[in-house]
Structure formats: C-alpha cells, structure tokens
Amino acid sequence: MTIDEIKRALAAAEDLPEVLERLKNDPRAGVQKLVKTHQKQHDKAVKEQDRLQTMLRFETMYDHFGLICGVDEAGAGPLAGPVAAGAVILPKGCVIEGLDDSKKLTAAKREELYETIRRRAVAYAVAFVDNNEIDKINILQARHKAMMLAVEQLTHTPDFILFDGNRVPATDIPHAGLVDGDGLSMSIAAASVLAKVERDAVMMEYHQMYPQYGFDRHKGYGTAEHMMAIRQHGLTPIHRRTFVR
C-alpha cells in the first residue's frame with residue numbers, strides 16, 4: 001500500500017489497534033509517523049472514554065434508588081450578580097461526550113454542551129438567588145436555597161440527589177455530597193454547565209446596563225479591572241454589599 005492508501009485505511013479503520021499492529025513493522029518512516037500519530041489519537045480517545053465511564057460510577061452506585069439528580073451551583077465567589085444552581089436528571093447510563101467540570105471547559109464548549117444536556121436530559125432546571133438575598137442570608141445559605149429551588153422546579157421528582165460539595169442543603173430526599181463532584185459525576189457536571197451558562201447570560205445582560213464594569217469579561221468576579229471600576233464608579237444595585245468592603 002502507498003502512504004496515501006494507508007492514510008485512508010487508518011481514517012476508515014473500524015478496528016484501529018489491529019491496523020496499527022499490522023503496520024508497526026513497516027520500514028517506511030512516513031508509515032511509522034502515521035502509526036505514531038494515530039496511536040496517540042487512539043490512546044487519547046480511550047483515556048477520554050475511560051474518564052467518561054468513570055463519571056458514571058456514583059450514578060451507578062445509587063441507581064437502585066431510581067431517578068438520580070445532579071446539582072451544582074455557579075457564581076458563589078463573585079462580588080456582583082446572583083448565584084445560580086442547576087439540577088439535572090440524565091437517563092440511566094447516559095454519557096455526554098466532552099462533559100466535564102464547567103470551569104475546565106471553554107465558553108464555546110459549554111454552550112455546545114448546554115444544548116446537548118437540555119436535549120438529552122429527563123429533566124433539568126436552573127434557579128437563581130439574587131445579590132440582595134445573598135446579603136441577607138449569606139452565600140452558603142443562598143447556594144443551598146438556589147440548589148433546592150432548582151430541584152423543586154424539575155418536572156420529575158428525583159429519588160436521589162448528588163450534590164457538589166460536602167456542605168449540602170437539608171432535604172428529605174436521599175442524597176450524598178461529593179467534593180469536586182462536577183469532575184466526578186456526569187449529572188453534577190451537567191448541572192454545573194447549565195448553571196454556568198445561564199448565569200453568564202445574566203451577567204451579559206447586566207453588562208448592557210452597566211458597561212463600565214466589564215461584566216462581560218469577568219462575570220462579576222473580583223478581578224483587578226472590576227475593583228478599579230468599583231473605585232471609579234462605586235457599587236451598582238447588583239453588587240453584594242457583604243462581599244465588597
């Protein structure tokens with residue numbers, strides 16, 4: 001086979017490891033370069049599939065309960081804007097390619113996954129608690145309130161909830177908290193993406209109202225740019241007074 005023929009064969013191979021094994025003794029440098037490239041790609045794909053399957057282990061562990069809901073929040077740390085929480089029930093065994101902790105994903109990838117999650121979920125919801133409520137009840141209680149509001153807004157009542165974190169809301173629904181759960185659980189990761197995308201959209205709307213603060217870039221977090229804007233222009237109605245001293 002010519003190298004071009006081998007390229008096409010590798011691209012179309014249904015059993016890539018077998019094809020690579022047959023080619024590993026080909027003396028041509030161009031063929032060995034192709035083998036090395038495709039082997040790396042294959043190893044990367046296998047590793048990613050293993051990661052995704054591992055992210056189902058907690059859903060599998062609690063599968064006997066019935067519907068498993070993942071819950072996570074976004075926006076606990078910013079100086080402005082609401083905290084958001086997502087709640088997602090995925091079908092049993094559902095694997096969403098590329099899904100991970102929303103903080104590890106690009107904005108474009110989150111937007112793509114946002115649509116996929118909503119399309120494939122059994123049920124999903126996103127709830128918000130605004131900055132005024134955060135100042136009244138503190139951020140931990142606001143996070144918990146947003147989480148339970150999201151759960152209550154689901155069209156299906158979950159039988160078990162996987163919360164991100166070790167400090168979780170009080171609920172009569174059986175549940176567990178997972179530290180760094182958005183990187184360990186498929187359903188928590190899905191909730192993380194929904195909460196992040198919808199909160200970012202809210203902050204983009206606030207940017208239109210208060211363009212001098214740069215909310216479109218930092219989404220309310222305490223960046224140097226944001227702190228400078230506060231010093232120059234003062235606080236807006238969406239700032240968390242208990243966060244800005």
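## Basis

The model is predicted: local features need pLDDT of at least 70, side-chain atom pairs count only at pLDDT 80 or more, and totals for chains, interfaces and linings use all residues. Residues are numbered from 1 along each chain as its sequence is written, and side-chain values use heavy atoms, with hydrogens and water left out.

## Helix α8

Helix α8 runs over residues 186–209 and has 24 residues. Helices are DSSP runs (H or I, at least four residues), as are strands (E, at least two), and both are numbered from the N terminus. From first C-alpha to last, α8 reaches 35 Å, close to the 34 Å expected at 1.5 Å a residue. That expected span is 1.5 Å times one less than the number of residues.

Of the 24 residues in α8, 17 are buried, so the helix is largely enclosed by the rest of the structure. Buried means under 20% relative accessible area, exposed over 50%, and partly exposed in between (1.4 Å probe, protein chains only).

## Salt bridges

The whole structure holds 16 salt bridges. Each is a side-chain nitrogen of Lys or Arg within 4 Å of a carboxyl oxygen of Asp or Glu.

Asp 100 pairs with Arg 51 at 3.6 Å, N to O. Asp 100 sits in the loop between β2 (83–89) and α5 (107–120), and Arg 51 in helix α3 (residues 29–54), so the bridge ties together parts 49 residues apart in sequence. Asp 100 is buried at 13% relative accessible area. Arg 51 is partly exposed at 24%.

Lys 109 meets Glu 112 at 3.3 Å, N to O. Lys 109 is partly exposed at 25%, and Glu 112 is partly exposed at 46%. Arg 118 bridges to Glu 115, with the closest N and O atoms 3.5 Å apart. Arg 118 is partly exposed at 31%, as is Glu 115 at 39%. Elsewhere, shared partners join Glu 48, Arg 51 and Asp 100 into one salt-bridge network.

## Largest pocket

On a 1 Å grid over the protein atoms alone, a pocket is an open set of points where a 1.4 Å probe fits, with protein on both sides within 12 Å along at least five of seven lines; lining residues have an atom within 4 Å of a point.

The pocket has 19 lining residues, and Asp 72, Glu 73, Asp 101, Lys 103 and Asp 182 are the closest to its centre. Two elements give two or more residues each: β1 (68–74) and α8. Strand β1 gives the most, with 3 residues. The lining has 4 nonpolar, 6 polar and 9 charged residues. Ala, Val, Leu, Ile, Met, Phe, Trp, Tyr, Cys and Pro count as nonpolar, Asp, Glu, Lys and Arg as charged, and the others, Gly among them, as polar.
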